Amino acid sequence: MIKVAVDAMGGDYAPGEMVAGAVDAVNTQPGIQVILVGKEDVVNAELSKYTYEKDRIQVVNATEVIATEEPPVNAIRKKKDSSIVVGMNLVKKKEADAFVSAGSSGAILVGGQVIVGRSKGVERPPLAPLIPTEKGVSLLIDCGANVDARPSHLVQFARMGSIYMENVMHIKNPRVAIVNIGAEEEKGNALVKETFPLLKECRDINFIGSIEAREIPHGGADVIVCEAFVGNVILKLYEGVGATLLSKVKGAMMSDLRSKIGALLVKPALKATLKSFDASRYGGAPLLGLNGLVVKTHGNSKANEVKNSIIQCVAFKEQGINEKIRESLNADREHE
């Protein structure tokens with residue numbers, strides 16, 4: 001059994017959607033046990049609405065909640081009995097294999113590094129979500145953890161991302177590209193220009209050069225490397241454009257009788273296409289390079305994304321991603 005601790009109090013729709021996602025996960029995936037962390041009476045009241053194997057979900061009491069507007073460092077330090085701190089301590093003590101939260105991004109990033117701790121050799125742990133593309137999915141790394149990254153950090157992101165895609169998504173020799181404003185090597189800001197030759201020299205990744213933002217939805221690379229400011233802008237724009245297009249398409253199809261008839265005819269094909277571009281299918285963003293697994297899901301996550309984030313932890317644990325990252329980075333250090 002793989003044990004996944006879930007922050008029952010984090011996110012816009014907590015605890016309802018978090019509990020619903022946990023129940024869905026244990027009901028669809030036999031190898032998972034969930035520990036719901038939060039206010040015991042509130043969580044148990046939600047659990048009472050569902051049918052599930054009682055020995056596969058347990059509740060660990062946490063009396064405090066870290067709000068999104070709270071300064072992360074202070075919140076982690078002062079709120080020792082918050083659902084985020086208690087959940088991460090379960091991972092630290094090896095009482096859980098992973099921790100999933102839709103709560104405060106800042107608190108999760110700080111807690112991941114301070115409580116769970118960085119793996120030996122990791123300079124900065126990046127957040128790495130899977131994003132849907134025309135060819136399947138790509139890993140966007142980093143999308144929110146390190147807004148002032150150095151070239152050496154980006155090289156580590158590339159290597160960690162390659163390990164993740166090869167072992168979790170089973171993409172052989174994944175293509176790695178750095179986000180740039182043009183395909184030419186001499187283009188880009190100082191960070192990109194300095195990182196590019198380092199990635200070219202990296203022996204254990206399949207570096208294919210620069211990738212422009214417009215090529216990302218087409219699946220131009222499997223691992224998309226950038227610092228967190230750029231990555232977060234890409235991710236948010238991706239989500240915003242997707243939601244806007246969906247809204248516009250629905251509006252156009254409902255505009256008159258002819259459109260409504262046409263909508264009925266194309267509905268099955270359109271539904272399948274839109275489903276393939278639904279980011280919630282792929283779960284949350286793992287914070288790579290820690291001594292345990294921490295997964296950040298969207299603040300507005302519903303049950304389906306919570307369920308997929310929990311299930312995502314199984315492949316991560318079974319494939320020993322953290323161990324592979326640690327071995328890879330330390331082997332490189334020894335080589336140097």
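Mentor: Glu 212, Arg 214 and Glu 215 are joined in a network of salt bridges. A salt bridge here is a side-chain nitrogen of Lys or Arg within 4 Å of a carboxyl oxygen of Asp or Glu. The general idea is simple: side chains of opposite charge can pair when their charged atoms come close. The structure holds 12 salt bridges. Keep in mind that this is a predicted model, where local features need pLDDT of at least 70 and side-chain atom pairs count only at pLDDT 80 or more, while totals for chains, interfaces and linings use all residues. Residues are numbered from 1 along each chain as its sequence is written, and side-chain values use heavy atoms, with hydrogens and water left out.

Now to the other pairs. Arg 56 forms a salt bridge with Glu 53, and their closest N and O atoms are 3.4 Å apart. Arg 56 is buried, at 5% relative accessible area, whereas Glu 53 is partly exposed at 47%. For these words, buried means under 20% relative accessible area, exposed means over 50%, and partly exposed lies in between (1.4 Å probe, protein chains only).

Next, Asp 97 and Lys 317 meet in a salt bridge at 3.6 Å, N to O. This pair links distant parts of the chain, 220 residues apart: Asp 97 sits in the loop between helix H4 (83-92) and strand E4 (98-101), and Lys 317 in helix H10 (residues 303-318). Helices (H or I, at least four residues) and strands (E, at least two) are DSSP runs, numbered from the N terminus. Asp 97 is partly exposed, with 24% relative accessible area, and Lys 317 is partly exposed at 40%.

Glu 123 and Arg 150 also meet through their side chains, in a salt bridge of 3.7 Å, N to O. Glu 123 lies in the loop between helix H5 (105-116) and strand E5 (130-133), and Arg 150 in the loop between strand E6 (136-141) and helix H6 (151-167), so this pair ties together parts that are 27 residues apart in sequence. Glu 123 is partly exposed, with a relative accessible area of 24%; Arg 150 is partly exposed as well, at 46%.

Leu 265 is exposed, with 70% relative accessible area.
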